[in-house]
Amino acid sequence: MTCVEAIQGYALRSIGIGERLLPREDFTLCQQITLIGSGVLWNIYFGLLALVIGFFIANAVAVAKASPRYWLRKPAEWFILVFRGSPLFIQFFLAYFIFLSMKQAGILPFLTAAQAGALIVLILNTAAYSGEIFFGALRTVPRGDLEAADAYGLTGWSRFRRITWPTTMRLAWPAYTNEAIFLFHATTLVFFSGFPAQRQQGDALYYANYFADKTFNPFVPYPIVAGYFILLTLAIIGLFNLMNRRLNRHMPQEARRIRYRPQLIR
Amino acid sequence: MKKLLLTAAAAAVAASAALAGSHSVVRMGTEGAYPPYNFINDSGEVDGFEREVGDELCARAELTCEWVTNDWDSIIPNLTSGNYDTIIAGMSITDERDEVIDFTQDYYPATASRYMAMSEGVDLEGGVIAAQSNTIQSAYIAETGAVLLEFATPDETIAAVLNGEADAVFADADFLLPKAEESGDLMLVGEPVPLGGGVGMGIRETDGELKAKFDAAITSMKEDGTLNELLIKWFGDDQPTY
Amino acid sequence: MFSFCTEPDALGAFQWFACYFTTGVHLNLYWSLGTVLILLAITAPVSLAFGFLGAMASRSRILPLSLLGKTYTSMVRGVPDIVFFLFFVIALDQALEWTKHQIVCPDWTEPIRQGANFLVCPEAKIPLGASPQVVHEIYGFFVAVFTFSIVFGAFAANVLYGAMRAVPRAQMETAEAYGMTPRQSFWRILVPQMWIYALPGLSNLWMILIKATPLLFILGIEDIVYWARELGSSKSARFFDYPHGDWRLWYFLGLLVFYLAFTRVSEIALDRITKRLSHGQNFAGGGA
């Protein structure tokens, strides 16, 4: 099999387009890079959707946790405690069981598929972590900013939207960048615990596992996955830096560069 | 990688002093999750058909053996990198595996793989079939028209059928049979599919001497009928014997 | 365990469970809990040391050294830990055996790599093939500790690097003004002061470390997840004294509670330490 054939056959194998059967013998480097790369599509799918949807939930969670109302604050605290206090590995495992029993009861049966079920777990997970980050940032919004807002007569929703929230984002952004990186890393656990792969369609790690098993050589496929993730991480950092510059465009030059904040990593 | 998940009592054998230097202790690698072939019993030790066969083989070959468990996915790499000396884990002899490691002669005759489902009339050709990943069964299902659903452990494949995630599970008949008998819901369906060439012990290709010893011991167990006794003890009266 | 456990089939529910939870396999589960705790206790200081070295290297004025430090921290941080675990341990194991092989068996002529096989001379196996299982397990345990430490050392290096930069410049300038050499000012001024800046990050890292322990089974340690899975899977009456259905859900719920309690207790303890250390410090988190 030539390299071009491998790319034609396997570049989209992870989403069911291309050769039906995975390579069985005479494994080439090209096949491994292509197929593992096609698996990365799932990592991006999980990471990107969870990040975007989780972002909105995280904001709600952070505001709820900062709320003076008991019935708003307590659920948010518990939500964050459960998802931040337990390993994702175990969350996947338990979620799969819960989705299965829901399927047996006829509720939302599609959740046992990784595409939906694992995505929900990742969304909730990142919502909890980012929620905590945003909550921390919310509490450190400079008093002066808020007093200035009061002076301008801004109150309630418009004060939140125009003053509090943008500042929160600006403060939380470096830590949130880290969270995004970790979230993408966490997507490798989807098919590794709990959720089964269907029709041999899995993520990068799933295919790496397949090759490691067939070639009995772990030193090729796993470093390929590692390479893909380093690229992915660089891309995330690049995008988040652009955003950071935008968030800090009114600040002095020094603050526009992302600086690592040791306080808040996942 | 040291996947040495279990301390198993060494099968101490008398008069084992006269051994080849490199194999004063033979480490037997198994999975420990595939009854009746091998499993971990209530007291935390490796038990099952292969435990008894293995101990008897070691006694006959005058070897001191020690049992270790390793998960299925990495059981061959850990043999080739020397973390144990044999694989005795219900591993079918296939050409693919034979290229990387050597097998002794089979100590368990070639038998069929079967489908097990909750009802007759399941679509075996186009439905969702669960199988343990990296087995001859999963490779077979990948080539049929069915949707392959892969799990890391054999137990999960059965659970997948019970909870409706898969239409059927495809595995060794002997693994499925006791499960089907015990459960009221599960039954064997479809025709048996002959796969693989019996079950043998996996040994590194460079370990010719060890392989010869085990081969001789298996032959002697076949000849005096002790192997057949064990087969019937663990797999029931209908079990094909030698 | 208990004297009444001889006939499991005839027991009442309470006694059945009393016997069930004290079988040999369950003792293995409890023992593995200890393993996880010991691993955490050893890994934490070792990765802190790795982190310290990494941070020092990154700060170094010698270019290759600082490149090395920066590559280490960013490489390991860029790769999911699980991927790293999957091949690093085998590589480490083989590297150790290869090194020992070169020393112990210089006269060995056969190639070490023969196809898929990795063959060193029998005397160079670590541990020796004939050593008891316990030695193999201890070796495996330390390989796992080392691997964990490499990964978490990279994170710690990042935290410490940030903390060193957070120490106010004026402090270092003052040290210089007192005529301290760079080495002196590093050890006497920077290092003692950086901890308070590093503490929040390190606490966070400790929590991540706790939550990474379910991945131990990839490294071949008989950890609690392995046993929970093994014990929870359905057991048929033909082969087991205590048959039951698929109980993995309950075992994993147990694990969930264990981890929640562990992280919560850690959180409270670390909060206390932070409060105490930041007493009198002049920054936002500090007490008056």
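## Helix α2 of chain A

A:I53 lies in helix α2 of chain A, an element that spans residues 29-66. In this predicted model, A:I53 has a relative accessible area of 36% and is therefore classed as partly exposed, since that class covers values between the 20% limit for buried residues and the 50% limit for exposed ones.

A:I53 also belongs to a nonpolar surface patch of about 570 Å², to which A:I44, A:L48, A:L49, A:V52, A:F56 and A:I57 contribute as well. With its relative accessible area of 36%, A:I53 passes the requirement of over 30% that is set for residues of a patch.

## Extent of the interface between chains B and C

Between chain B and chain C an area of about 3600 Å² is buried, and carbon and sulfur atoms account for 52% of that area. On the side of chain B, 42 residues are in contact, and they meet 48 residues of chain C.

## Polar pairs and contributing elements

Across the interface of chain B and chain C, 1 salt bridge is found, namely the pair of B:E156 and C:R248, whose closest N and O atoms are 3.8 Å apart. Residue pairs in polar contact between chain B and chain C number 5, counted where both residues have pLDDT 80 or more.

On the side of chain B that touches chain C, the elements giving two or more residues are the strands β3 (38-40) and β5 (65-69), together with the helices α5 (154-162), α6 (173-182) and α8 (226-235). The largest share of this side of chain B comes from α6(B), which gives 4 residues.

Notes: Residues are numbered from 1 along each chain as its sequence is written. Chains are lettered from A and ligands numbered from 1 in the order in which they are written. This is a predicted model: local features need pLDDT of at least 70, side-chain atom pairs count only at pLDDT 80 or more; totals for chains, interfaces and linings use all residues. Side-chain values use heavy atoms; hydrogens and water are left out. Patches are made of residues with over 30% relative accessible area and no salt bridge: like charges are joined within 9 Å, nonpolar side chains (Val, Leu, Ile, Met, Phe, Trp, Tyr) within 5 Å. Accessible areas come from the Shrake-Rupley method with a 1.4 Å probe; for residues, only the protein chains shown count as cover. A salt bridge is a side-chain nitrogen of Lys or Arg within 4 Å of a carboxyl oxygen of Asp or Glu. Buried means under 20% relative accessible area, exposed over 50%, partly exposed in between (1.4 Å probe, protein chains only). Contact means heavy atoms within 4.5 Å. Buried area is the accessible area (1.4 Å probe) that two parts lose on being put together, summed over both. A polar contact is a pair of N or O atoms within 3.5 Å; within protein, one must be able to donate a hydrogen and the other to accept it, and residues adjacent in sequence count only if both atoms are side-chain atoms.
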